[in-house]
Amino acid sequence: MKKSKAVRYNKWGYIFLLPFIIVYVVFQFIPMVTTIYNSFFENYMSGLTQIGPKFVGLGNYQKLFSDGDIWIYAKNTMVLWIMCFIPQIILSLLLGAWFSDTLLKLKGQRFFKTVIYMPNLIMASAFSMLFFTLFSDGGPINSMLMQIGFISEPYKFLSNTGSARGLIAFMNCLMWFGNTTILLMAGMMGIDTSLFEAAEVDGATSTQVFFKITLPLLRPILVYVMITSLIGGLQLFDVPQILTNGTGDPMRSTMTLIMFLNKHLFSKNYGMAGAVSVLLFIITAVLSLIVFKVTGNDKRKG
Amino acid sequence: MKKKLISVLLSTTMIATILGGCGGGSNNDSSNAPADNTSTNTESNAPAADSNASTGDNASTGDNAATGGSAAAVADDGAVLNIYCWNEEFKSRITDHYPDYTEVDATTGTIGDVTVKWNITPNDDNAYQNNLDATLLKQADAAADDKIDIFLVEADYALKYVDTDYTMPVADLGITDADLSKQYQYTKDIVTDSNGVLKGLSWQACPGVLFYSREVAKEVFGTDDPAEIQNYVKDWDTFNDTAATLKDAGYSIVSSVNDTYRTYSNNVTSKWVVDGKINIDDNIMKWVDDSKELVDAGATGTHDLWSDDWSKGFYPEGKVFAYFGPAWLVNFSMAADTAGSIGNAGGWAATEGPQGFFWGGTWVCAATGTDNASIVKDIMLKMTTDDAIMTDIVVKDDDFVNNKPVMEALASGETKIMREGETEEHEYTSQILGGQNPLAMYCAGVDGLDLSNLSAYDQGCNEEFQHAMKNYFEGNATKEEALDLFYKSVVEKYPELTY
């Protein structure tokens, strides 16, 4: 028997990986596979009676596409995400630049950082209940607008497509811009300060510094923010669900993909719900890939 | 660190206040009859309660003897009686009125040497039904002490349970038709399965009437006499004409189109689902057309029931003429305890309105596999058929009980009542209705109810229909688009249906 001289630590690597692998397999991988498996079956409850499971192949997908509504909900989701993401990223970049600017030396930074993060601490459901009350037909916002003579009749915020979507986007923006700001700020603070100093010596304006130095060097973080926000946006559920009481009113123009998925769970329709989930998975994957390519982060092609 | 602490504190308080607000709101959400009344007058009614006990006992022993044969097949040796319900109402009725019940703590009690376990799951978000479904499906394999013995259901989804073998026919418990002769027919229609077998009983009936504001009536029509006002709302055409008159005077006839919905939907001639196909009754379509006209004319709103906007009319500033509802609505849900509300000043009056309807109510069902059949039977009999106990429920809890002779005696003034703090007996009157005795109207309304057209899909169909039509009323969709949306939503909920 010959003992190898080098002590091998490989096994510790695997042991330390184990907890993640176990959690991933149990809570992510197995559910994903069963979801895909379930999407090929007709399987739901009618009252207390179980219907199925009966193998129907791609029947659920066929139904989904022949109805065609899924694209409307996908479009709603994207519209809501874009309406929320654009103001959010502008606001966050601006705040991030101000907070990380060593020349500006803003006072009370910690206070403001806390304040802008706070909306994120509130439960989305509580937040939407609050907005629901504020913007109801006889709510405080309407009475205020009427008192200052801006409108004469109460404006039905939740019965008009534009205002309903606007409210949802605004709430999401409000809830997440603090989080984005902190991420971007971390990125900005990671940029070598000597670059800023050099630019200053060369007489660059702060606009030039922002666009020529900060933004390009921030790209990896921006891509990360964009992808996480996109995935979050596609899974948008709680705010519109509670704000519209699950109806997606008016005329389902605020119905997101996950709200549609949730509709199928009333009858525990695992088949259809599975099909919607798989589709959502594919959409998310494709969109993430596109973002990845477009922003030129794909290192594989050098 | 300090700032972090403060921010955490701040946000916690914020969440707490917001949640507090929701809590208050969601209490209103339950569509069943209201929670317990405040007046509990055990002292002065003690003799009455005693006599209940004896009559009740006699009655049930008699029945046992007569129908013992059929009941014998059911197990009767259980040590735990499991009751599934969604609020405290039935529990407080049992605590106050069921003679052998002793309360132990908030979720347990005893009847003789049997332990009573209350499994209370709130109604919100279908939680009660989800929990009940899961437990019922495991009923056959559950240990004896975990088996459901009694569960409660509401009208909207009663058939979902009644039309299965999970619910036991009341006849199998040894309860005969003769025992139930005094109950209102509609309360039996709701829990009769598709084969005509009765599977549940209720202690209450919830006939609805039209509550209107006396003040507005005087101002617009020059009188607040219920008989005269009835002429203005006697049928839907007159009702809609009256809406125009009220609109000109600056009032909404009802708070929302959803107020009138039940009155139409309880008077349908066909079911929501016929042979697996969704079917919209003509009377429901009449509701759509009538309501669209009212909304377009600005005579009423489109708020959801229980929303803040809907409740504004509980106060004079809300400028609402009337609400449709049963006794519990005006007694417990229309802010009668709040100073400044119409109810607080005794400013409502009741009249029959265009059509009879009902709203709410709780049915007691026995679960198949119960091991406490005789107690279940006794609870059902005492709570839903015993005259003395039921009169007591009216007096103490202001419920409208499911007992025709009892209610008619109270309506005519034949039965006098005496409440806590009162020195002499008097006819039943309602403070909130300005001293009116509305019981005769409720009795008249409940007699005409025909609910043989219920289906197991009613809850989903009614909800989705109102949601979808809101888009039509508000001008966001044409009638066809709104109907399409309705069909789509129903098929999502019930994939087995077609349209």
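These legends describe close-up views of a predicted model. Residues are numbered from 1 along each chain as its sequence is written, and chains are lettered from A in the order in which they are written. In this predicted model, local features need pLDDT of at least 70 and side-chain atom pairs count only at pLDDT 80 or more, while totals for chains, interfaces and linings use all residues.

**View 1. An open sheet of 7 strands in chain B.** The strand order is 2-3-4-1-5-14-6, and the pairing is mixed. Strands (E, at least two residues) and helices (H or I, at least four) are DSSP runs, numbered from the N terminus. Two strands pair if DSSP finds at least two bridges between them. Strand 2 (101-105) and strand 6 (200-201) of chain B are at the edges. Each has a single partner strand, so one side of each has no neighbour in the sheet. Strand 5 (residues 148-153) and strand 14 (residues 363-366) of chain B are antiparallel, with 4 bridges. B:F151 has B:C365 of strand 14 as its bridge partner.

**View 2. Helix 3 (residues 89-97) of chain B across the strands.** This helix lies across strand 1 (80-85), strand 2, strand 4 (114-120) and strand 5 of chain B. Helix 3 runs at about 125° to strand 2 of chain B. Axes are lines fitted to C-alpha atoms, for helices over the stretch in contact, and angles run from 0 to 180 degrees between N-to-C directions.

**View 3. Domain 1 and domain 2 of chain B.** Domain 1 covers 42-205 + 361-407, and domain 2 covers 207-358 + 452-493. These bounds come from an automatic or database domain assignment. The C-alpha centres of the two domains are 32 Å apart. Each domain gives 12 residues to the contact. Two residues are in contact if their C-beta atoms, placed from the backbone, lie within 7 Å. On the domain 1 side, helix 5 (158-162) and helix 6 (185-190) of chain B give two or more residues each. Helix 6 has the largest share, 3 residues.

**View 4. The largest nonpolar core, with 125 residues.** Such a core is a set of buried Ala, Val, Leu, Ile, Met, Phe, Trp, Tyr and Cys residues joined through C-beta atoms within 7 Å. A residue is buried if 20 or more other C-beta atoms lie within 10 Å of its own, exposed if 12 or fewer, and partly exposed in between. Among the members that touch the most others are B:F151, B:W363 and B:M380. Helix 14 (residues 373-385) of chain B gives the largest share, 7 residues. Domain 1 and domain 2 of chain B each supply at least three residues. Beyond its neighbours within four places in sequence, B:M380 contacts B:V170, B:L173, B:I175, B:L201 and B:V364.

**View 5. The contact between chain A and chain B.** Chain A gives 32 residues and chain B gives 33. Strand 1 (41-46), helix 4 (109-117) and helix 5 (124-134) of chain A each supply at least two residues of the chain A side. Helix 5 gives the most, with 4 residues.

**View 6. Positive phi at A:M251 and B:W306.** A:M251 is not a glycine, yet its phi is about 45°. A:M251 sits in the loop between helix 10 (238-243) and helix 11 (257-263) of chain A. A:M251 is buried, with 22 other C-beta atoms within 10 Å. B:W306, also not a glycine, has a phi of about 75°. B:W306 sits in the loop between helix 11 (282-296) and helix 12 (308-311) of chain B. B:W306 is partly exposed, with 16 C-beta neighbours inside 10 Å.
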